[in-house]
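Please read the following walk through a single protein chain with the sequence and the coordinates open side by side. The text goes from the overall layout to individual residues.

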Amino acid sequence: MKALEAYYVLPSDVEEPFLTLGQDESHHLTTVNRAHVGDYFAAVNGQGTAYRCVIEEVAKAVRARIIEKTDARSEERRVGKECRSRWS
């Protein structure tokens with residue numbers, strides 16, 4: 001499975017079950033990475049929460065539905081252990 005690129009979302013821009021990316025993150029997602037309505041991406045809020053999302057609306061800001069919410073810190077620990085065991 002292809003890893004999703006993570007985008008930063010302000011905690012104040014998360015209103016479950018939706019989140020809205022800021023203008024710069026939205027530009028990078030839709031213009032640089034050419035994402036469209038229906039595409040999936042990951043977002044992090046800088047406070048330890050990660051979201052798996054699907055794009056519902058593209059304008060100056062991307063509005064997305066939250067599909068899954070996880071503790072990013074526990075995910076980082078899991079991936080770190082997996083990498084260490086793979087390269088040990």
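What follows describes a predicted model, starting with its secondary structure and ending with a few local features.

The chain has two helices and six strands. Read from the N terminus, the order of the elements is β-β-β-α-β-β-β-α. Of the 88 residues in the chain, 30% are buried. The chain exposes about 6,200 Å², and carbon and sulfur atoms supply 50% of that area. Among contacts with a separation of 6 or more, residues 24 or more positions apart account for 45%.

The interior comes next. In soluble globular proteins, nonpolar side chains tend to be buried together. Here the largest nonpolar core has 15 residues, and those with the most contacts inside it are Val-9, Leu-19, Leu-21, Leu-29, Phe-41, Tyr-51 and Cys-53. Strands β4, β5 and β6 each supply at least two residues of this core. Leu-19 gives a view of the surroundings: leaving out residues up to four places away in sequence, Leu-19 touches residues including Val-9, Phe-41, Tyr-51 and Cys-53. The list for Leu-19 also includes Asp-13 and Arg-63, together with Val-62, Ala-64 and Ile-66.

The structure holds one aromatic pair. Its members are Tyr-7 and Phe-41, with 6.0 Å between the ring centres and 80° between the planes, an edge-to-face arrangement. Which parts of the chain does this pair tie together? Tyr-7 lies in strand β1 (residues 6–8) and Phe-41 in strand β4 (residues 40–44), so the pair links parts that are 34 residues apart in sequence. Tyr-7 has a relative accessible area of 3% and is therefore buried, since the limit is 20%. Phe-41, at 2%, is buried as well. Another ring, that of Phe-18, has the charged end of Arg-63 over it, 3.9 Å from the ring centre.

Past the end of β4, the loop between β4 and β5 (49–58) holds Asn-45. Is Asn-45 buried or exposed? With 6% relative accessibility, Asn-45 counts as buried. Its side chain reaches the backbone nitrogen of Gly-48 at 3.4 Å. Beyond residues up to four places away in sequence, Asn-45 touches Tyr-8, Val-9, Pro-11 and Tyr-51. Two of the residues named there, Val-9 and Tyr-51, are also listed among the core residues with the most contacts.

Strand β5 contains Thr-49, which is buried at a relative accessible area of 17%. Apart from neighbours within four places in sequence, Thr-49 is in contact with Ala-43, Val-44, Lys-69, Thr-70 and Ala-72. Glu-68 is found in strand β6 (residues 62–71). This residue is partly exposed, with a relative accessible area of 41%, a value that falls between the limits of 20% and 50%. Which residues does Glu-68 contact, leaving aside its neighbours within four places in sequence? They are Ala-50, Tyr-51 and Arg-52. For Tyr-51, which is 17 residues from Glu-68 along the chain, the separation of the C-alpha atoms is 5.6 Å.

Helix α1 is represented here by Ser-26. Ser-26 is buried, at 1% relative accessibility. A polar atom of the Ser-26 side chain lies 3.2 Å from the backbone oxygen of Leu-21. Outside the four places on either side in sequence, Ser-26 is in contact with Leu-21, Thr-31, Lys-60, Ala-61 and Val-62. Between Ser-26 and Tyr-8, 18 residues apart in sequence, the C-alpha distance is 9.8 Å.

Two backbone features remain. Where does Pro-17 lie? Pro-17 is in the loop between β2 (14–15) and β3 (18–20), and the peptide bond from Glu-16 to Pro-17 is cis, with omega near 15°. The other feature concerns Arg-34, in the loop between α1 (23–32) and β4. Phi of Arg-34 is near 55°, a positive value in a residue other than glycine. Arg-34 is exposed, with a relative accessible area of 63%.

Conventions:
Residues numbered from 1 in each chain as written. Predicted model: local features only at pLDDT ≥ 70, side-chain atom pairs only at ≥ 80, totals over all residues. Heavy atoms only, no water. Phe/Tyr/Trp six-rings, centres within 6.5 Å; stacked < 30°, edge-to-face > 60°. Helix = DSSP H or I, 4+ residues; strand = E, 2+ residues; numbered from the N terminus. Buried < 20%, exposed > 50% of the residue type's maximum accessible area, 1.4 Å probe, protein only. Lys NZ or Arg CZ within 6 Å of the ring centre and 35° of its normal. Polar contact = N/O pair within 3.5 Å; in protein donor to acceptor, adjacent residues only side chain to side chain. Contact = heavy atoms within 4.5 Å. Areas by Shrake-Rupley, 256 points an atom, 1.4 Å probe, with all protein chains shown as cover. Core = buried A, V, L, I, M, F, W, Y, C linked by side-chain atoms within 4.5 Å.
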